[in-house]
Amino acid sequence: MATQVDSGMSGRNRAKVISLAGVVIIGLGAGAFLIPAAKGVDGSRVIGILLIAAGLIEAGAGLLRRESRPFAVGSGLVTALAGVVFMLRPTGHLFPNVVLVIAWLFVRSMLIALGSRFASGSVRTWMGLSAGMDLVLALVLTTGLSIATIVVSLFGPTAPLIASFAWVLTASFVVNGLMLLEVASCERSPD
């Protein structure tokens, strides 16, 4: 169910932009991983900024896709919206932030899973992996398993909430970035 993109870009140029988006999102994941090590930084603000940046990049890359475009754009916009809401919530309020992150992961997972139905080949597989990762992360947060203990053992004492969210973002962003790299490799096909 491929549809032609009206961007005027060749498949190679679309692939380059989508590849760059994937690499940048993986880089944002690496940045999220380091949040607990940063002293004197408002982790909540940084997480919000990372979500907004990754979401806008993902939505932009989604506009260039031939398959599953509305779902790719939608998952990016949901991520950016979660970032805006996260920045407006103080870190000290655990319940609203956890619910927000769980809701973001769940909605994003469902959008990507639905979009995978309109993709083919390895892109479908990577979309399934990305949707699965976000769903697993949402379930981990829902059941109360704490990733923060790993972070504390690596970086020392830090706000457990920020540490957990940092690792959730890292895992989600890295798998999403890898998915975009696979999408890019498939976009390289001639128009």
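Student: In this predicted model, does Val84 count as buried, partly exposed or exposed, and which cut-offs decide it?

Tutor: The general idea is that a residue is buried under 20% relative accessible area and exposed over 50%, with partly exposed in between. Val84 has a relative accessibility of 40%, so Val84 counts as partly exposed. This residue lies in helix α3, which covers residues 69–88, and together with Leu81 and Leu88 it makes a nonpolar surface patch of about 320 Å².

Student: Where is Thr170 found, and is Thr170 buried or exposed?

Tutor: Thr170 is found in helix α7, residues 160–187. Its relative accessible area is 14%, and because the cut-off for buried is under 20%, Thr170 is buried.

Student: Which residues does Thr170 touch, if those up to four places away in sequence are not counted?

Tutor: Thr170 touches Gly29, Ala32 and Phe33. With Gly29 there is also a polar approach, in which a polar atom of the Thr170 side chain lies 3.0 Å from the backbone oxygen of Gly29.

Student: Which residues of α1 are buried?

Tutor: Among them are Ile18, Ile25, Leu28, Gly29 and Ala32, and of these Gly29 and Ala32 are touched by Thr170.

Key: Residues numbered from 1 in each chain as written. Predicted model: local features only at pLDDT ≥ 70, side-chain atom pairs only at ≥ 80, totals over all residues. Heavy atoms only, no water. Buried < 20%, exposed > 50% of the residue type's maximum accessible area, 1.4 Å probe, protein only. Helix = DSSP H or I, 4+ residues; strand = E, 2+ residues; numbered from the N terminus. Contact = heavy atoms within 4.5 Å. Polar contact = N/O pair within 3.5 Å; in protein donor to acceptor, adjacent residues only side chain to side chain. Patch = residues over 30% accessible without salt bridge, like charges linked within 9 Å, V, L, I, M, F, W, Y side chains within 5 Å. Areas by Shrake-Rupley, 256 points an atom, 1.4 Å probe, with all protein chains shown as cover. Salt bridge = Lys/Arg side-chain N within 4 Å of Asp/Glu carboxyl O.
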